Amino acid sequence: MVQDQLRALVHRYPFVRFATRQLRAHLPRRFGGLDPDRVPPRNRSVRLDLPRPADGRREVGPDSLTLQFPGYLTVPRRLAGSGLARHEPDSLASFMAMLDHTRPGAVLDIGAGVGVYSILAAARTRRPVFAFEPTPEIASAARAVSSSANLGFTVVDLALSNHNGSGHLRRALHNDMCNRLVHTTRTGLAHITVRTSTLSRWNETAATFPTVVKIDTAGTEPDVVAGGLEVLRRYRPWVLTKVRPDLGVEERLMALIDPLDYLWFPISGDPPYEARPEISGRASPAWERMWMLAPEEPPNGFWDSVAMWRSALAACQGSPR
């Protein structure tokens with residue numbers, strides 16, 4: 001218990017985490033020392049190549065960005081190593097195809113992290129983009145990305161769920177991509193209190209017209225959908241959602257979405273994807289785990305657009321600086 005609390009304390013404060021790793025880099029392995037070459041830097045500069053399809057129709061936005069991130073964050077480390085080419089490439093390609101083939105409207109990136117999906121939506125379209133991220137230091141990093149690269153997407157410091165008010169966000173000890181809201185009254189150093197809202201309540205205040213919604217909230221996706229049913233009924237957006245094969249996520253999503261007459265497509269391999277009668281997390285590979293929820297049959301050219309973006313993303317390799 002004491003060891004877990006100490007580990008949670010270190011992960012709660014980024015400066016403490018950085019200082020602790022620097023100290024451990026000078027200790028022998030038998031005393032918990034770390035390989036200095038594997039200790040992340042205080043700050044990380046990443047040159048991110050952005051996809052541009054070969055058809056030349058999308059001249060909006062830059063070809064690359066140089067972004068500054070805190071060195072301990074997971075996604076920037078992966079982007080520095082392999083770029084967008086290996087960061088959920090099939091899901092990103094499907095997301096960009098959705099932007100190509102849906103009517104004008106807002107993009108909602110729920111569980112945005114540092115804002116990879118928001119970066120692409122803001123760089124390759126002129127749609128309003130909203131990135132929802134409740135973890136304070138990650139939201140701050142996403143806001144710095146939007147500002148420094150002149151992308152102009154809006155970072156919203158909210159955890160979208162099925163209730164309004166506040167909730168407990170549990171920080172994952174080894175991967176900040178897995179921070180998630182938990183229903184508990186017993187909290188510790190691994191938990192922080194964050195503001196929560198339903199998607200329907202937020203949209204009522206923000207007055208947006210959402211047409212593309214991406215959801216990745218580390219297992220609480222059904223809560224986000226439950227809090228946004230009115231948005232799905234009224235605006236019929238295309239949805240890209242993470243589906244993990246645990247925690248009853250599949251069953252809850254099907255129960256919520258089935259009355260809305262959406263089609264369910266697992267993101268897996270080469271398009272076209274086939275609509276399924278049931279949602280199963282394992283139908284999409286472990287490095288994706290995404291499903292596309294379409295309010296109608298994909299239009300002509302949609303799957304060609306997915307393949308085109310997938311080819312463009314393959315050229316976006318990592319380039320750390």
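User: K242: buried or exposed?
Analyst: K242 is buried, at 6% relative accessibility. Buried is under 20% relative accessible area, exposed is over 50%, and partly exposed is in between (1.4 Å probe, protein chains only).

User: What am I looking at, and what gets counted?
Analyst: This is a predicted model, with pLDDT of at least 70 needed for local features and 80 or more for side-chain atom pairs, while totals for chains, interfaces and linings use all residues. Residues are numbered from 1 along each chain as its sequence is written, and side-chain values use heavy atoms, without hydrogens or water.

User: Which side chain does K242 meet in a salt bridge?
Analyst: D216, at 3.8 Å, N to O. K242 sits in strand β11 (residues 238-242), and D216 is in the loop between β10 and α8 (221-227), 26 residues apart. Salt bridges with shared partners tie E88, D216, E221, K242 and R244 into one network. D216 has a relative accessible area of 15%, so D216 is buried.

User: How many salt bridges in the whole structure?
Analyst: The search finds 12. One of them joins D109 and K214, with the closest N and O atoms 2.9 Å apart. D109 is in strand β3 (residues 106-110) and K214 in strand β10, 105 residues apart. Both are buried.

User: What about E137, which residue is its partner?
Analyst: R171, at 2.5 Å, N to O. R171 lies in the loop between β7 (165-170) and β8 (180-182), and E137 in helix α6 (residues 136-148), 34 residues apart. R171 counts as buried at 9% relative accessibility. E137 does too, at 16%.

User: R127 next. Where is it?
Analyst: In the loop between α5 (116-124) and β4 (129-132). R127 is buried but has no salt bridge. The nearest side chain of opposite charge is D100, 7.4 Å away. Lys and Arg count as positive, Asp and Glu as negative; His and chain ends are left out.

User: Which backbone oxygens lie by polar atoms of its side chain?
Analyst: The oxygen of L99, at 2.9 Å, and that of R103, at 3.2 Å. R127 also touches residues including M98, T102, P104, V107 and T211, leaving out those up to four places away in sequence. Contact means heavy atoms within 4.5 Å.

User: Switching to the sheet. What is the strand order?
Analyst: β5-β4-β3-β10-β11-β13-β12, an open sheet of 7 strands with mixed pairing. The twist averages 20 degrees from one strand to the next; axes are lines fitted to C-alpha atoms, with angles from 0 to 180 degrees between N-to-C directions. Strands pair if DSSP finds at least two bridges between them.

User: How many bridges between β4 and β5?
Analyst: They pair in the parallel sense over 3 bridges. A131 has V155 in β5 as its bridge partner.

Technical notes
Helix = DSSP H or I, 4+ residues; strand = E, 2+ residues; numbered from the N terminus. Salt bridge = Lys/Arg side-chain N within 4 Å of Asp/Glu carboxyl O. Polar contact = N/O pair within 3.5 Å; in protein donor to acceptor, adjacent residues only side chain to side chain.
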